[in-house]
Amino acid sequence: MVLSTLATATGGALLLDLVALVGGTVHTMEPGAEPRVATVLLDGDRIAAIGEDIELAPGTVRIDVSGKHVVPGLIDCLVNFDPEHDALYLASGVTTVRDAGGDLSSVLALRDRGIRDQGPGPWLLSAGAVLDGYPPASAAALAIGRVEDVKWLVGELAKAGVDYLSVQPGISAEVYDQILIEAAAHELEVWGPRPTAVDLTHALEGGHRGFFALDAFLPSGVRWEFVLPIAFKSAIEQAAASNVAVVPVLAGVERILKEPADPAPELRYLAPAYEALWWTDWEMRKGLLSDENYRKTSERVDGKRDGLARELLAAGVDLIPGSAAPLAWAFPGRSFIEELEAWVGAGISPEDTLRAATATAARVLRIDDERGTLTPGKIADLVVIDTDPRESMAGFRAPEVVCVRGMVLRSDLLADMVEAIGRSQDVVREENLRPIAIELPELPEGDLLMGGQVSTRSLGSRLSSERFAVVRRLDGSLSFVGRMVIPASARYDLSTIDVEQIVVGGQLSEFRVRAVTGEEELVVAGRWDAGRFLFRRFLNGQSIDTSSSANRTEVINMDHLSDTITTALVVGQIETDRVAWVSAFGALYEPVEVRWEIQSSETGSRMIRTSEGGLMEMHFDARGMPTGWVRVIGGRQSATILEAAETFGGAGLPVRFPRPKPVEAGAPAAGGPGAESPSAGAVGPPAQGSDLEPAETESGVADGPESADEAPRESGSEDGA
């Protein structure tokens, strides 16, 4: 009763000076230590003492755990981190997670102790961003095509404070080798799948520290269905002689063979994008599962993988567990327990499995000075379960108590935290259907040609909404202005991005982007001057860097999947098909030069192939309104749809590239060609919910696709990890 009252007063997480867990069987996981009944004394966020006869000071909060088992907090060594999943990991006893790389700017900030304690959430290690070749496996990957770019990029990641480097299979051999060299120079380890461009010997000799999954050990050109166990003998010997470690992901095949419940209750606790991905995965494989040969083949593959894991472990190779959550049907937290159970099912003892998930994982990840064992002086990360972990992993499915950095969470409080995620996602789903009211930033003086609002969606989730306007300035130049709003999520602040691109004589003359998230303001400005494009970045009003290029930028590209609609409007004003220089923005909004191959289609749209391996299709109507914009990169898709449009009595701003004449011409735009446009400074577009017209084209319906599901697909493209 006292504990519940105190926990409620602190928002659920109890952090007191002195807490004693009394009467439980303590599994310290220290070398040679046998489990014993003892008291674990916590002092703040540290383990103060472990013993049978500890004298407790007055005021110590005593928690009776008699008959239960006390073990170190679990370490999930492979996740795709999402801060919205914090409570899901803790509810399964996972107190540390290692992220394989995602959104560089956000994930590194989320490692901050203050942010980790707010939820609270598990301790976070991260690669920051995954490194890949072209096309990248995901939109957030940093694609590297040139060896000369590696030194700078790895240096920037090192300065940002990443915990290690993560690579994908698509990276070239030359770039991969340089990554290994630069990583060693910065004392960073390289992890990830073995690049397909190199063999196992090459990777091990280069210093690759750890592999994700077991595919690295397959002989070149041989698939799991056909490989014989004897073929792994040399690879096992090489691994044992090196310092390599492996995250085997043994539950992956079992998950593929399992039919999900419908409805799937766990999806309530995940964002709509995951829900769409997971059901898409099921639609792709449910037909395969009706094929008995497919099932039998998959089961044989599962047996081979289990056997390889056992052989590697027996040879002395460090195996550490990782769930790969939240890939399809890998529910954060629970899927890690399923991974541990898959280890036991593969013939690895429960005790060895637990050691791999605690002491060994901490040692391999170089955090064993603070975590991994129950040792006085270390961080107070521990779990109390009902069952003996030497016999089964089942107790981790419903821990009695989880202690993360000294904060004590009982099962009822963990359940409340998980339910809070469900309620939060209920709100997200409701908000996802509502329009976002957006006011434009201040417009330059001139004639207002057209305006409107768009939204960008991917996998059922709204990525952003944007209000835009096009103004012909007093000097005759064109100003493309937008305000993009990226909605807040359960753990991310709302972001507002103001954009202006100015075109003079059909060419981009200057641009300015201002992004505001919380209390931070980041500004990027570019201008063509004296034969060079000049770039400057400002953070909270202070200049942070400048750069320049002799290549004339023709348009900006802020994001692979959710770009500003002003970019499509500018592309509509590029008169001829060609390869154009584009200023793309990196993870920290640094301008990066890329090239777009722009072609006009027979349907009047513009097709774009990017140097990063992406495909785009932009649709316009007769007024020049961007009625749809589809993007595909690394297996991910998104679509921007025009929701409201207005030409203010004029003809709009028709595109400059040739468009075919429509078979059936619709009604002309109100006011017709030559109609006088209102003054932007005096009128401006009406606010959301006013008299903006529903978006239409010549035929009365949207030109563009209705959803991202209608995006064009490049042959052979698959969803990235």
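Tutor: Rings of Phe, Tyr and Trp (its six-membered ring) pair if their centres lie within 6.5 Å; planes under 30 degrees apart count as stacked, over 60 as edge-to-face, the rest as tilted. Here ring pairs join Phe511, Trp528, Phe533, Phe535 and Phe585 into a cluster. This is a predicted model: local features need pLDDT of at least 70, side-chain atom pairs count only at pLDDT 80 or more, and totals for chains, interfaces and linings use all residues. Residues are numbered from 1 along each chain as its sequence is written, and side-chain values use heavy atoms, with hydrogens and water left out.

Student: How many aromatic pairs does a search of the whole structure find?

Tutor: The search finds 11. One of them is Phe211 with Phe217, edge-to-face, 5.9 Å centre to centre with 80 degrees between the planes. Trp528 and Phe533 have ring centres 6.0 Å apart and planes at 50 degrees, so that pair is tilted.

Student: Where does the charged end of Arg98 sit?

Tutor: A charge sits over a ring if NZ of Lys or CZ of Arg is within 6 Å of the ring centre and within 35 degrees of the ring normal. The charged end of Arg98 is over the ring of Trp191, 4.0 Å from its centre. Arg98 also lies over the face of Tyr164, 4.7 Å from that ring centre.

Student: Which peptide bonds are cis?

Tutor: Asp262 and Pro263 are joined by one, with omega about 5 degrees. Ala325 to Pro326 is another, with omega near 0 degrees. Now place them. Helices (H or I, at least four residues) and strands (E, at least two) are DSSP runs, numbered from the N terminus. Pro263 is in the loop between helix 9 (251-256) and helix 10 (272-289). Pro326 is in the loop between strand 15 (318-319) and helix 12 (334-345).

Student: What is phi of Ala324 and of Ala530?

Tutor: Ala324 has phi near 65 degrees, a positive value in a residue other than glycine. Ala324 sits in the loop between strand 15 and helix 12. Its relative accessibility is 11%, so Ala324 counts as buried. Ala530 has phi near 55 degrees, again positive and not glycine. Ala530 lies in the loop between strand 24 (520-529) and strand 25 (532-539). Ala530 is exposed, at 75% relative accessible area.

Student: Which residues of helix 14 are buried?

Tutor: They are Leu413, Leu414, Met417, Val418, Ile421, Gly422 and Gln425.

Definitions and conventions. Buried means under 20% relative accessible area, exposed over 50%, partly exposed in between (1.4 Å probe, protein chains only).
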